[in-house]
Structures are given as structure tokens and as C-alpha cells.
Amino acid sequence: MDLPKRKEVPAALTWDLTHLYATEEDMRTDHEESKRMCARIVEDYKGKLTTPERINACLDAWQALAEKMDLVGNYCGLAAAVDYYDSELQERQSMIQREQAQMAGEFDFIESELSEADESLLRAAMEMTTSNSHYLAEILRKKPHRLDAKTEEALTRLAATLEAPYELYHVVKLTDMKFEPFAADGAEYPLGYSLFEDDYEYDARTNVRREAFRAFSDKLRQYENITAAIYNTQVQKEKTIADLRGFDSVFDSLLFGQKVSREIYDRQIDLIMEHLAPHMRRYAKLVQRVHHLDKMTYADLKLPIDSDYNPKITIAEAEDYLAKGLSPLGEDYVAMVHEAFRDRWVDFARNQGKETGGFCASPYRKNSYILLTWNERMSDVLTLAHELGHAGHFRLASANQSWFDTYDQDFIVEAPSTTNEIIMAHYLLKTNPDKRFRRWVLSCMISNTYYHNFVTHLLEAAYQREVYKIVDAGGSVQAETLNRIMRETLEQFWGGEVEITEGAELTWMRQPHYYMQLYSYVYSAGLTIGTQMCRRIETEGDAALADWKKALTAGGTLSPEEFAAAAGVDLKSEKPLMDTIAYIGEIIDEIALLTEELES
């Protein structure tokens with residue numbers, strides 16, 4: 001179980017960055033051209049955005065530059081994400097970030113000048129083009145919160161520094177934090193972030209699982225103060241920017257960017273904390289009974305219902321499953337699945353220094369890049385289906401929208417990915433009539449899809465909300481405070497049904513989402529839309545699929561409410577969320593029934 005170094009990993013298990021640039025030299029050539037393009041934009045347009053024609057010409061030039069910077073940034077960032085131990089890759093990434101931030105500062109005059117221009121001039125420019133009109137509308141929306149030109153330029157130039165907490169978090173987590181082996185049942189086991197989160201949390205051996213949790217938590221605790229200091233820097237920065245821009249609260253500032261009301265944000269957290277918790281407590285007790293545990297602890301929550309039944313699957317077999325399972329999304333989608341495997345979009349490898357978890361990066365009008373760790377489990381197919389949901393979404397959006405309009409608000413970005421997960425799980429249910437297999441698929445839906453999005457990330461969001469309340473009131477947060485908030489959040493959700501093990505309060509140290517503004521709650525929001533969308537596609541067929549593709553194609557031109565409405569989901573009502581929670585309860589009911597039948 002010792003992890004290999006990145007250079008020891010077979011190339012077939014890694015993603016192929018040559019789809020972005022054939023060589024590093026090509027990337028550096030583009031980077032230098034970006035600098036020249038930036039200089040030309042400044043020379044040709046700074047102080048000269050006085051007519052609709054010049055405004056659109058400037059924005060067209062900016063979009064061309066942004067596309068090039070996007071490719072360069074992704075090429076370097078993706079290489080760095082899979083090997084934090086490679087100092088050359090990390091230095092190259094830092095250099096690119098610094099220089100791109102400097103360029104962004106150079107052309108920040110565009111937004112400053114447009115924000116100060118007469119509204120009539122901007123509206124005249126909007127009428128001349130579709131590719132820039134949405135961006136100009138955003139200028140008008142943001143205008144009340146825009147600072148003076150010099151301050152905005154300074155903030156832009158400081159972008160890399162202002163984002164330092166996110167990078168520092170990863171340095172502590174992936175570079176400085178070295179795990180020692182732990183002992184259990186007379187044997188010694190290696191330990192690391194990916195080993196713990198991908199293996200030991202699911203291990204059926206109670207002593208091994210709990211000792212792994214203890215050893216993992218002990219190591220986290222050694223870094224709790226520095227991690228808390230980094231996080232406090234992040235939230236204080238966000239509060240300061242909110243105040244500078246004239247927002248009443250940090251919540252208003254962060255939700256403004258998502259185009260989501262505080263009512264929808266609070267509703268998503270409050271309804272799940274109240275109504276989903278009883279279902280999940282019941283599921284936790286079912287896991288305890290099935291495994292004959294003396295007690296149900298936080299360290300046991302990821303334990304599968306049936307630890308002895310975990311279908312193995314190869315990467316080649318996964319391709320076939322995904323192509324068939326996602327076929328309701330159309331022939332073009334199936335073709336994309338095959339392309340992803342053939343052209344190595346996916347980094348399956350497990351190696352030292354690789355970022356944990358999974359993500360999908362989608363450079364503009366290029367193929368996507370998916371990071372995950374392949375464990376040869378059928379559950380990995382659901383993870384890959386999730387990330388392919390992002391890939392399919394941005395392929396449609398970038399093909400039909402300008403660079404300005406391709407990327408969505410955070411609130412809806414997880415909807416396509418979670419829709420895929422459910423469609424894939426429903427397909428698996430149809431492939432095998434065996435009760436044990438059916439229970440396994442249903443339990444994967446609970447323990448992976450819904451637990452991950454509706455519990456893990458939702459509890460992060462509930463915790464995060466309490467942190468921002470403190471910051472909004474002028475306070476700060478340290479490790480002791482963060483531990484207390486996390487423990488209280490876990491205790492509120494799990495009630496007395498789960499023992500909140502010592503070390504569980506350190507869970508706030510394990511996710512990077514806290515450095516991504518109010519991102520944690522959008523997983524459950526996306527899955528709410530995804531659950532309803534899956535039902536529509538399965539019951540209404542082509543009509544629902546047409547609505548879904550229309551919504552995905554719109555990119556960032558629709559607000560979250562408009563996006564959901566285009567897909568046939570009403571976000572103004574709590575009904576979609578309550579229906580989704582009820583569906584989760586129904587799945588748990590069937591798992592309990594199947595368990596009784598299998599045990600009889």
C-alpha cells in the first residue's frame with residue numbers, strides 16, 4: 001500500500017496534457033504571447049473606451065487573451081496538482097500565477113472604465129453583440145459595489161497573494177504532513193491522506209478502521225493551529241473585501257457572486273439539517289446492526305452495509321458501464337465517454353503528492369481533465385460518472401457560448417455531475433436482479449452520492465455558516481473555536497445515535513472547500529436539481545433531455561433560478577428539496593427491507 005512516486009506511475013494511468021500543449025516550450029511561447037497581447041490591449045484601449053464599437057473590440061481582444069491564459073494556467077496547474085513533491089512544477093505554477101495576476105492587473109482598467117461609463121453607452125454596446133452583452137450586464141449589476149480604479153487594480157495584482165491561503169492549505173496538507181504507520185491487531189499499516197480517505201475509512205476490520213482514524217486524527221491535530229491560522233486569514237480577507245465593497249454582510253458578498261438569495265442558501269442548510277438527519281441516523285444504526293458493532297462512532301460512518309460485497313472493476317470495464325449507463329443522455333454523450341478514455345482525459349493514478357479527492361477541469365473549448373484515484377471498485381464508476389457530468393456540461397457550454405459566458409455560478413455547477421451519478425446508479429440497478437447487488441447499489445447511492453453531497457458537504461456548509469457569523473460580528477476563529485463549531489454541528493445532525501469520536505472535530509481540516517467561498521452547500525443544491533432532473537429524463541425521455549441540454553448549453557447566461565426553471569425545476573419552492581429528502585428516505589427503507597430478506 002506504499003504509494004509510488006509520480007515518475008513511477010504508468011503513463012496509461014495519467015492524463016495527457018499534450019492535448020493542451022505538445023511541449024512545455026509551446027506553453028511558454030503562448031505565455032509570452034499573452035504578455036504581448038496584454039500590452040497591446042493596454043496600448044490600444046486604455047482610456048479610449050468611449051464608443052460602443054471600441055468597447056466591443058476591446059472585449060473581443062480580452063476574450064482572446066483570456067482563452068490563452070486559461071490554457072496556460074490549466075496546463076501548469078494540472079501538472080502541479082498531481083505532484084506536490086515536484087518543486088520545479090510547483091515553482092512553475094507559482095511563476096505563472098504571479099505573472100498572470102500581473103497581467104490581470106494591467107487590463108483591470110477595462111472593468112474600471114466600463115463601471116464608470118454612462119449606462120446608455122454600455123447598453124448601446126450590448127445591442128451590437130451577443131458575445132459581450134452578458135458581461136456588460138454584469139458590469140451594471142456589480143457597479144454599486146465597484147471600488148475606485150486604483151484599488152481595483154491593486155486587488156487584481158494581489159490576486160495570487162490573496163489566494164495564498166488556498167495554496168498554503170495544500171502545502172500543509174500534502175507536503176508538510178507526513179504520516180507514520182499505525183498498529184492494529186498485531187500488524188503495522190502505512191498511513192496517508194489518500195490511504196485513509198480511500199481505504200481505511202471503509203475497512204471492515206473495526207480495530208484497523210478505528211485505529212486508522214485515531215492515528216490520522218493525531219497527525220491532523222499537530223497541524224491544527226497553523227491550519228486554523230491559514231483559514232482565519234481566508235475568512236478575514238473575505239470579510240474585509242465585503243466591507244470594502246459595501247455589502248451588509250460577508251454572506252451577502254459571497255452570495256452576490258452566486259446570484260443566490262440568503263433565503264435559498266439558509267433553506268438548503270436548515271431543511272437538510274432538520275429533515276434528512278432522522279433518515280441518516282436510521283441508516284447509521286442499520287450499519288451498526290449489520291456489522292454487530294458495540295457502538296456506532298464517527299469513525300464507522302463510511303462503513304459499507306456489505307463490506308464483503310464490493311464488485312471489482314477494471315478501467316476498461318468501467319468504460320463499457322459508463323457508455324451504457326449514460327446512454328439516456330444521447331449518442332453525443334456516449335461518444336464523449338469513449339473519447340475521455342481513448343484520449344486520456346482521466347488521471348487514475350495513486351501516487352505520492354497527488355491532490356486528494358476528485359475534480360474536473362475544463363479549459364475553454366478543449367477536452368476536460370478529470371482527477372481521481374482509481375481503486376478498482378464499482379463505486380469508482382459513480383465517481384467518474386460525476387466528473388464526466390462536469391465535462392459534458394462545459395463541452396456544451398463552451399461550444400455555444402463565449403469565454404465570458406461559459407462558466408456557471410457555483411450554485412448550479414454540481415447539478416450536471418450529480419444528475420449523472422443518479423442516472424448511472426439507476427442503470428446499475430437494472431443490470432443485475434440479485435438482491436445483494438441491488439442492496440449494494442442502493443447503499444452506494446446513500447453512502448457515496450447522497451452522503452457525500454447531502455451530508456459531508458452539507459455539514460461543512462452548516463459549520464461554515466457559523467464561522468462566517470463570528471467573522472461578520474467582528475470576531476476571529478482559532479483552532480479551539482473551529483473544533484467546537486464542527487463538533488456541535490456533528491452532534492446536532494447525528495443526535496445521540498452516533499458517538500462523535502475524539503478527532504471528529506478536526507474534520508474541518510480535511511476539505512479545501514472552505515477556501516472556495518460558499519461552495520460546500522452547492523453540492524446538495526446541485527444534487528437536488530440532479531435528482532429531479534434524473535426523474536424527468538427517465539419518465540419523460542426526449543422532451544426532458546432537450547430541456548436539460550438547453551439549460552447546460554446556456555452556460556453562465558442564466559441565474560441559478562433561471563437554469564433550474566429551464567430544466568423544469570422550481571427553486572422558488574422547497575418542494576424539490578423536500579422531495580429529494582423523501583427519496584433518500586425511500587432508498588434507506590428499501591435497503592433495510594432487503595437486509596431483512598437477505599438475513600432471513
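Reader: Where does Arg281 lie?
Author: Arg281 lies in helix α14. Helices are DSSP runs of H or I with at least four residues, strands are runs of E with at least two, and both are numbered from the N terminus. This is a predicted model, in which local features need pLDDT of at least 70 and side-chain atom pairs count only at pLDDT 80 or more, while totals for chains, interfaces and linings use all residues. Residues are numbered from 1 along each chain as its sequence is written, and side-chain values use heavy atoms, with hydrogens and water left out.

Reader: Why is Arg281 called partly exposed?
Author: Because its relative accessible area is 23%, Arg281 counts as partly exposed. Buried means under 20% relative accessible area, exposed means over 50%, and partly exposed is in between (1.4 Å probe, protein chains only).

Reader: How many residues apart in sequence are Arg281 and Val498?
Author: Arg281 and Val498 are 217 residues apart in sequence, and their C-alpha atoms are 7.6 Å apart in space.

Reader: Which helix holds Glu263?
Author: Glu263 is in helix α14, which covers residues 262-290. Glu263 is exposed because its relative accessibility is 59%.

Reader: Let us turn to aromatic rings. How many aromatic pairs are found in the whole structure?
Author: The search finds 36 aromatic pairs. Rings of Phe, Tyr and Trp (its six-membered ring) pair if their centres lie within 6.5 Å; planes under 30 degrees apart count as stacked, over 60 as edge-to-face and the rest as tilted. One of the pairs is Trp62 with Tyr135, edge-to-face at 5.4 Å centre to centre, with 90° between the planes.

Reader: Which parts does the pair of Trp62 and Tyr135 tie together?
Author: Trp62 lies in helix α2 (residues 52-81) and Tyr135 in helix α6 (residues 133-142), so the pair links parts 73 residues apart in sequence.

Reader: Are Trp62 and Tyr135 buried or exposed?
Author: Both Trp62 and Tyr135 are buried.
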